[in-house]
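Student: Hi! I've just opened this one and would like to go through it with you. Can we begin with a helix?

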Amino acid sequence: MGDNVKQLKITPETVEGYRLVDKLGQGSTGTVFKAKKLATGEVFAIKLLFPSLSRRADFNEKFLKIAQLASRLDHPGIVRSFEAGSSNGFHFVVMEFVEGKTLESVLARGAMDEQRALQIVLSVSRALAHGQQLGLIHRDVKPANILLPRGADAKLADLGLAVMATSPGIVGGVTGTPHYISPEAARSDAAIDVRTDVYSLGATLHHMLTGQTMFAATNVAEIVASHLSERAKAPSKVNPTVS
């Protein structure tokens with residue numbers, strides 16, 4: 001567990017009505033567990049948000065707004081959110097459990113087949129378009145948030161923690177992951193719209209085609225500076241097999 005979750009102890013009974021079974025992963029906003037609903041035995045994924053987030057001013061109001069927006073998302077390319085609330089000191093979101101791998105884990109083996117990469121990007125693009133129709137942007141499109149279910153199209157995760165394109169102040173501040181962050185997100189521009197997701201998806205596609213992130217820097221400040229001022233190499237210059 002990260003430092004943010006050590007302050008409160010997570011047990012299998014942390015979320016009332018569910019039993020946490022296995023830890024699936026940890027991201028920038030919280031930790032995700034595989035869980036069973038006690039009443040039915042159904043399997044879900046539950047994200048426990050870091051307690052440090054809930055200490056921010058007006059968090060509860062913002063959290064409820066986001067949960068309400070997430071519940072309206074109904075698209076095969078988006079991981080569905082079913083329930084949100086607080087239990088034993090943690091805010092949580094109950095989500096669809098997706099059997100499969102993350103794109104991030106697949107990319108650990110290197111570049112992907114070009115056609116497969118394009119299929120994934122098309123699927124995520126359709127998911128983002130659906131979110132945009134409801135006034136939502138993601139702000140953190142990256143390989144770790146793209147799930148690859150067995151025998152199905154890719155699914156975009158964490159759109160339930162997105163913000164309204166018309167009201168970025170719901171969360172505000174710099175959001176995104178350095179290797180995939182858009183220049184406007186890095187600058188904390190107030191008028192961020194869906195184009196920030198297009199950029200991040202493009203950075204993700206570059207990684208899929210080349211096996212490398214767009215910029216080689218490892219220091220966060222240098223990576224962000226590269227997004228602001230440099231042009232990435234064409235994928236075909238890095239991987240000659242790319243069309």
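Predicted model: local features only at pLDDT ≥ 70, side-chain atom pairs only at ≥ 80, totals over all residues.

Student: Is H7 mostly covered or mostly open?
Tutor: Mostly covered, with twelve of its 16 residues buried. Among them are Thr196, Asp197, Ser200, Leu201, His206, His207 and Met208.

Student: Which elements do those buried residues pack against?
Tutor: There are helices and strands on the list. The helices are H4 (103-107), H5 (114-133), H6 (183-186) and H9 (235-238), and the strands are S7 (136-137) and S8 (146-149).

Student: What does the backbone do just after H7?
Tutor: Gly211 comes there, with a positive phi of about 80°.

Student: Let's talk cores. Which residues touch the most other members in the largest nonpolar one?
Tutor: That core has 25 residues, and the ones touching the most other members are Leu103, Ile120, Val124, Ile146 and Met208. At least two residues of this core come from each of H4, H5, S8 and H7. H5 gives the most, with six residues.

Student: What does Val124 contact, leaving aside its neighbours within four places in sequence?
Tutor: Val124 is in contact with Ile146, Ala154, Leu156 and Leu201. There is also a second, separate core of 13 residues, and its members include Leu53, Phe59, Phe63 and Leu147.

Student: Changing topic: how many helices and strands does the chain have?
Tutor: Nine helices and ten strands. Of the 243 residues in the chain, 47% are buried. The chain exposes about 12,300 Å², and carbon and sulfur atoms supply 51% of that area.

Student: And what share of the contacts comes from residues 24 or more positions apart?
Tutor: They account for 60% of the contacts in the chain with a separation of 6 or more.

Student: Now the sheets. In what order do the strands of the five-strand one run?
Tutor: The order is S1-S2-S3-S5-S4, in an open sheet with antiparallel pairing. Strand S1 (18-26) and strand S4 (81-87) are the edge strands, each pairing on one side only. From one strand to the next, the twist averages 30°.

Student: Remind me, what do strands of a sheet pair through?
Tutor: Backbone hydrogen bonds, with the strands either parallel or antiparallel.

Student: How many bridges join S1 and S2 here?
Tutor: Seven, in the antiparallel sense. Tyr18 has Lys37 in S2 as its bridge partner, and a hairpin of three residues joins S1 to S2.

Student: What about S2 and S3, how many bridges there?
Tutor: Seven bridges join strand S2 (residues 30-37) to strand S3 (residues 43-49), and the two run antiparallel. For Lys34, the bridge partner in S3 is Ala45.

Student: Which strands does helix H3 lie across?
Tutor: H3 (residues 59-70) lies across S3, S4 and strand S5 (90-96), and runs at about 5° to S5.

Student: I clicked on Gly30. Buried or exposed?
Tutor: Gly30, which sits in strand S2, counts as buried because its relative accessibility is 0%. Beyond its neighbours within four places in sequence, Gly30 is in contact with Lys47, Leu48, Leu49 and Phe50. Gly30 and Pro51 are 21 residues apart in sequence, with their C-alpha atoms 8.6 Å apart.

Student: One more sheet: what is the order in the three-strand one?
Tutor: S6-S8-S9, an open sheet with antiparallel pairing. Strand S6 (100-102) and strand S9 (155-156) each have a single partner strand, so one side of each is left without a neighbour in the sheet. Three bridges pair S6 with S8, and Gly100 has Pro149 in S8 as its bridge partner.

Student: Which helix packs on that sheet?
Tutor: H5 does, touching S8 and S9, and its direction makes about 115° with that of S8.

Note on methods: Residues numbered from 1 in each chain as written. Heavy atoms only, no water. Buried < 20%, exposed > 50% of the residue type's maximum accessible area, 1.4 Å probe, protein only. Helix = DSSP H or I, 4+ residues; strand = E, 2+ residues; numbered from the N terminus. Contact = heavy atoms within 4.5 Å. Core = buried A, V, L, I, M, F, W, Y, C linked by side-chain atoms within 4.5 Å. Areas by Shrake-Rupley, 256 points an atom, 1.4 Å probe, with all protein chains shown as cover. Pairing = 2+ DSSP bridges. Axes fitted to C-alpha atoms, helices over the stretch in contact; angles between N-to-C directions.
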